[in-house]
Amino acid sequence: MVILKPASSEESAQFYEIFVSAYSNDAVAGRLYRRGEEAIAHARNSIAKYSSQEAVPNVMLAISVEGVEGPVGFIWYAVAPRDGGSSTFVLQLFIKPAYRRRGYAKEALLALEGLAISLGHLSIGLSVFHHNSGARELYASVGFQCYRDDGLSMMMDKPIACQDTQQYRGPWS
């Protein structure tokens, strides 16, 4: 069973370095950027923007598992205003390679959903690179639906507190 807890300053710093590397590799593989340097600059700008807390409130959570020393991964999310309420937006979900394919990412998403519900959020959203079929399958397996696909990335959303989910088309419809 995974446990989400606020990441320490040291854990956050470790994650930011992982994020820069993982994001830039994915962005180049997904043809969002042609050169790694551009992707790295974008990743570092994202960290500066979101970690300042001024633009958008955000939280870095360490994903821990009983019996394992240190976090097995991280989930970084922002709180965004939506329809007079708030929505959770996953900026990054990362499981360390040694701990992948054990269900930890799925458990972390479900735990985050419980947290978002407890905070009164209306939905959880995220963006995933189109070429990352494993992540797309994971998100669909826990109820995320694509509402925008530009061929490079997909915007996915999961309503969690919406009365009429049949009419729900995503947070920016």
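These are my notebook entries on a predicted model of one protein chain.

**Ground rules.** I number residues from 1 along each chain as its sequence is written, and I work with side-chain values from heavy atoms, with hydrogens and water left out. Local features in this predicted model need pLDDT of at least 70, and side-chain atom pairs count only at pLDDT 80 or more, while totals for chains, interfaces and linings use all residues.

**Overall make-up.** I looked up the secondary structure and found four helices and seven strands. Helices (H or I, at least four residues) and strands (E, at least two) are DSSP runs numbered from the N terminus. Along the sequence the pattern reads β-α-α-β-β-β-α-β-α-β-β. Of the 173 residues in the chain, 44% are buried; buried means under 20% relative accessible area, exposed over 50%, and partly exposed in between, with a 1.4 Å probe and protein chains only. I also looked at contacts, meaning heavy atoms within 4.5 Å. Among those between residues at least 6 apart in sequence, 55% join residues at least 24 apart.

In which order do the seven strands lie in the open sheet? I read the order as 1-2-3-4-5-7-6, with mixed pairing; two strands pair if DSSP finds at least two bridges between them. Strand 1 (2-6) and strand 6 (145-149) each have a single partner strand, so one side of each has no neighbour in the sheet. Neighbouring strands are turned by 30 degrees against each other on average, direction ignored. Strand 5 (residues 123-129) and strand 7 (residues 153-159) run antiparallel and are joined by seven bridges. In that pair, Ser 123 stands opposite Pro 159.

**Helices on the sheet.** I took axes as lines fitted to C-alpha atoms, for helices over the stretch in contact, with angles from 0 to 180 degrees between N-to-C directions. Helix 1 (residues 9-29) lies across strands 1 to 5 and runs at about 80 degrees to strand 3 (73-82). Helix 3 (residues 104-118) also packs on the sheet, and its direction makes about 160 degrees with that of strand 4.

**Ser 153.** I found Ser 153 in strand 7. Is Ser 153 buried or exposed? Ser 153 is buried, at a relative accessible area of 19%. Beyond its neighbours within four places in sequence, its contacts include Ser 127, Phe 129 and Arg 148.

**Salt bridges.** I counted two in the structure, each being a side-chain nitrogen of Lys or Arg within 4 Å of a carboxyl oxygen of Asp or Glu. One joins Lys 5 to Glu 11, with the closest N and O atoms 3.7 Å apart. Lys 5 is partly exposed at 34%, whereas Glu 11 is buried at 13%. The other joins Glu 113 and Lys 158 at 2.5 Å, N to O. Glu 113 is in helix 3 and Lys 158 in strand 7, so this pair ties together parts 45 residues apart in sequence. Glu 113 is buried at 16%, and Lys 158 counts as buried at 12%.

**Largest pocket.** On a 1 Å grid over the protein atoms alone, a pocket is an open set of points where a 1.4 Å probe fits, with protein on both sides within 12 Å along at least five of seven lines; lining residues have an atom within 4 Å of a point. The largest pocket holds about 1300 Å³, a volume being the space filled by probe spheres set on the points. I found 41 lining residues, with Gln 92, Leu 93, Asn 132, Ala 135 and Tyr 139 nearest the centre. Strand 4 gives the largest share of the lining, seven residues.
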